[in-house]
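Work through the exercises below with the model open.

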Amino acid sequence: MSLKLVIGPANAAKAGTALGAFRARLRHDPWLVVPTAADVAHYERELTQDGPRRGGRVATFSGFVREVAQRAGYAARVVAPLQRERVVAEAIASARLQALAPIAGTRGFLHAAGAFTAELERTLLTPQRLTAAVRALPDAPPTLHEVAAIYDRYARGLERLGRVDAELFAWRALDALRARKEVWGDTPVVFYGFDDFTTLERDAIETLSRVVGAEVTVSLTYEPGRAAFAGRARTFAELSQIATEVQELPALDDWYDEAGRAPLHALERGLFEPAAARDAEAGDAVRLLVAGGERAEIELVAATVLELLGDGVPGEEIAVVLRTPARSASLVEQVFGAYAIPHTLDWRVPLAHTALGRGLLALARCALLPADARPADLLAYLRTPGRLQRLELADRLELTVRRRALLSMEEARRAWEEARGGWPLRELDRLRGAAADGPAALLGALAREARTLFVAPHRGQARVLDAAEEADARALSALLRALEELGELAAAEPRRAAELLEPEALLAALGELEVSLGATAREGAVLVADPLAIRARRFDTVIVCGLQEGEFPRPAHPEPFLSDDVRRELNAVAGLRLPLREDALADERYLFYATASRPRRRLILSCRDADEDGNPALPSFFVDDVRALLRELPERHRPLSAVTWPLDAAPTDAERERAEALAAPRELPHPIGSLSEAATALLRQREVLSAGALERYARCPVRWFVESELQPERFEPDPEAMARGSCIHSVLERTLARVSWPIAVAELPAIEQVVREVVAEEASAFTLGRGAAAQAAAAHEIAADVLRLLAHEAEAEAGGAFRPAELELRFGMGDESALPALELTSAEPGDAAGGAPAEPLRLRGVIDRVDLDGAGRALVRDYKSGRRQPSWPVAKWASEDQLQVALYMVAVRELMGRQPAGGVYQPLRGEDLRARGVVRDDVNAGDLVVDTDRRSQEELEQELSAASERACQLAAQLRAGKLAPSPDTCGFGGCAYPGICRVVDQ
Ligand code: SF4
């Protein structure tokens, strides 16, 4: 019966003493208990490096507890993580919370409650004792009673299930050992590498040494009086009280390599000590990396690792330490992967972050929570790798969803099933049907759908999975295991299964399911881990990253259930031993000390002086603590602005190429010039061109080509202005067909009624991509715009002689209801059109309105609905290639046999509703246009001839495939194609 407590600072040969005790008792088959599974593998190797070992086991605490249970004859089924979470959720739901009710429904509360109940069990506190302690507390707030109720319900929930959790299993196993202490025999036990012990672990040590009478050796990194160990003073005090022997080992510097011995030993002895000497020479043993932003920091670390590997340091001798690896795991994977650094990182992601998990959860949401599901869920499901052979079908559905502004999943499903290329999504109905049959059927159906989704991209293949596919394989494995665990829970609680596995909570829990993506430890791989993972190991080089204020040291997290004040009160009133959290900084200091004492040769610290946005970032004061012990701390910098490396420091071939590319002169692409022969031939086949297209071509040929020929579809609904303009157009046309002319101001109230009727009839077209209230407001504004326009016309054209004769007059459209195409021939045949052979131009178009006066002369109107009003006066037509109205006037003359009396562009909206264009000075059009737009008949004919000639020239250039960008017109209405014309940056 003995407990030998071995204490001493880091590198004081405690391992030699502890492992020596283990080796010395090999014939008694001793147990070595270490903190992590990685430590188990490490010490298994270390204990067999001199040859095969006879006897002895190495295990984590939970592995050791299983042995205790087996010897003591204790057996119980342990709840799996998801089962446990459901039991905690059930405890919260059944605890009839009031004070905590506002926050009790969140996932955060559920996680906190799970952690809290586990902590209480590790403290060996029963629900009954907690309830009694709370009752004994004067003025205990209602929340405290509710916290005790949750713990009580949780314990009962486990009991009802006939299961225990991991903490309870250890607790009861130790109880069983106490009851049958003789079963342990004379097996010695050594605890090594722990930085601290929970109450449960201390109970195991005490049970083994004092009750069972086993020979126990405990190694604890502790040196009385040192600031670095302040957080371990209580553990030392408790263990030393039950120890039969305390062996205090002195600090040694034997373990360091020659090159790093002096500074690293000085660091170990002086860290956090106010009176420490401050004159150690850092040499190459202690360095600081300073980077601007997280990515630059990891890149600098990766470059340093590559240099170390290049210098011959084995990968497994390098540890990269992050206080919270999960926070930076993705970035580390990216950078270390890009730099081809072999590494081991216990990287876990939620199931919802894997391709398979995202797809399955989206499918389940669509099937089980259709009222909450959105079109994005259906799209996420359809885009699961392998689900569609033609991914563009999902893109097309997304286009439909966006353009029609579909808000619900059911609408999106209907759109999918009705679309060409879509098909019935029966899997949604299958899952719904399974859910109706009960939780067991639903879990089985989810597992089937998951398997189907997983194999979909691999059907008919037998190749090795790549990294992304392996992630899906791991996701499937984790998911199937979780579904099986939940299935067991449903079978154990058949009457409450539906409640326990309610779809929303079920999907939330599955979404958070952890999937391990990290590679397992292997020879030559750099270890990326948190400080606790390396506390029992030594390395050639340790790189400590993220030494930032608020990151390392990590700030104390307030305990949501029991504050330190309440814990103190409960401990005092009821004699409990609830641990306090006030010593967070002491714990962080110890962790940094433990990390900084792990390297034999090099300690490299890393911090950031700026964040990703360029804001200043404060390094951790631990960096200053190290700096204070050294004469000088060598630094290496990588600023935020460094997008590549300097040529002589590029760590990889790819980085060198990037640096060379940056240093090389910039190569600008040539502006687009003309179409290929094949494309031009296609253009030549166009027999009829539109007047609008010619106008657009005149403005910028490249823009015309993209918008009129390539015709990229918009991903979003039409811009509101465009959609509203087209609605106004339509309402105006239908109103004009129903009212009598001329419009008199006195008749406007009656016309308003007509407008409102038309708007009501057209209301369904006013979707404008928004909800019902917005549609009603849009309809109101459209009616107001049309009325304002008609009122303007009534005033401006009072006494005028023109009356509407044709609305939406079509020509050259190739159908029977339209007039034939307008044929124009250039007056300058031959070479004037860029070398293309002169051939007649055939034009088509739709004239918004043609009015006639009593003499049969025609006035052409073209409605313009945009807010932006370009120059429309006739004086600018030639210089700005305004062709449309002029060509329409020619069409009226040639196709209708009417004398053109004028043509105007009529704005439908905006401040100024005055029409601009040209009107003959010998006709009566009221005040339709301003005086400067009036021309004699000859002048008007000259305008028409000039427009016809220009149209022929443009058509010839167009047919010749000329695509000269026109940067002068870029600002006209904005242009989204500078990347295609490649002219704007030149
Ligand atoms: S950016 Fe300017 S030059 Fe280029 S296509 Fe657009 S309008 Fe034409």
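Residue classes are used throughout: Ala, Val, Leu, Ile, Met, Phe, Trp, Tyr, Cys and Pro count as nonpolar, Asp, Glu, Lys and Arg as charged, and the others, Gly among them, as polar. The model is predicted, with local features requiring pLDDT of at least 70 and side-chain atom pairs pLDDT 80 or more, while totals for chains, interfaces and linings use all residues. Residue numbers start from 1 along each chain as its sequence is written, and side-chain values use heavy atoms, with hydrogens and water left out.

**Exercise 1. Describe the shell around the ligand by class, by nearest residues and by the helices that supply it.**

Step 1. By class, the shell has ten nonpolar, one polar and one charged residues.

Step 2. Twelve residues lie around the ligand, and Cys700, Ser966, Cys970, Cys975 and Cys981 come nearest. A residue is near a molecule or strand if one of its heavy atoms lies within 4 Å of it.

Step 3. At least two residues of the shell come from each of helix 31 (701–710) and helix 37 (978–981). Helices (H or I, at least four residues) and strands (E, at least two) are DSSP runs, numbered from the N terminus.

**Exercise 2. Determine how helix 30 is oriented to helix 35, and which residues make the contact.**

Step 1. Axes are lines fitted to C-alpha atoms, for helices over the stretch in contact, and angles run from 0 to 180 degrees between N-to-C directions. Helix 30 (residues 691–699) and helix 35 (residues 884–896) have axes that come within 9 Å and cross at roughly 150°.

Step 2. Angles under 35 degrees count as roughly parallel, over 145 as roughly antiparallel, 65 to 115 as roughly perpendicular and the rest as oblique. Helix 30 and helix 35 are therefore roughly antiparallel.

Step 3. The crossing of helix 30 with helix 35 is right-handed. A crossing is right-handed if the near helix is turned clockwise from the far one by less than a right angle, and left-handed if anticlockwise.

Step 4. Contact means heavy atoms within 4.5 Å. Helix 30 contributes Ala691, Gly692 and Glu695, and helix 35 contributes Gln884, Leu887 and Tyr888. By class, three residues of this contact are nonpolar, two polar and one charged.

**Exercise 3. Classify the packing of helix 30 with helix 31, then that of helix 6 with helix 8.**

Step 1. The axes of helix 30 and helix 31 are 5 Å apart, at an angle of about 135°. Helix 30 is therefore oblique to helix 31.

Step 2. Ala693, Arg696, Tyr697 and Arg699 of helix 30 meet Pro701, Trp704, Glu707 and Ser708 of helix 31. This contact of helix 30 with helix 31 divides into four nonpolar, one polar and three charged residues.

Step 3. For helix 6 and helix 8 (residues 142–161), the axes come within 11 Å and cross at roughly 75°. That makes helix 6 roughly perpendicular to helix 8.

Step 4. On helix 6 the contact is made by Phe109, Phe116, Thr117, Leu120 and Glu121, and on helix 8 by Val147, Ile150, Tyr151, Tyr154 and Leu158. The residues of the contact of helix 6 with helix 8 are eight nonpolar, one polar and one charged.

**Exercise 4. Find the backbone features at Pro553, Arg96 and Leu124.**

Step 1. The peptide bond from Phe552 to Pro553 is cis, with omega near 15°. Pro553 sits in the loop between strand 15 (539–544) and helix 25 (564–574).

Step 2. Arg96 is a residue other than glycine with a positive phi, near 50°. Its loop runs between helix 4 (81–94) and helix 5 (101–104).

Step 3. Leu124, also not a glycine, has a positive phi of about 60°. Leu124 lies in the loop between helix 6 (107–122) and helix 7 (127–136).

**Exercise 5. Are Thr652, Glu488 and Arg96 buried, partly exposed or exposed?**

Step 1. Buried means under 20% relative accessible area, exposed over 50%, and partly exposed in between (1.4 Å probe, protein chains only).

Step 2. Thr652 has a relative accessible area of 12%, so Thr652 is buried. Leaving aside neighbours within four places in sequence, Thr652 is in contact with Leu306 and Tyr339.

Step 3. Glu488, in helix 21 (residues 467–492), has a relative accessible area of 29% and is therefore partly exposed. With neighbours within four places in sequence left aside, Glu488 is in contact with Arg77, Gln83 and Arg163.

Step 4. Arg96 has a relative accessible area of 69%, so Arg96 is exposed.
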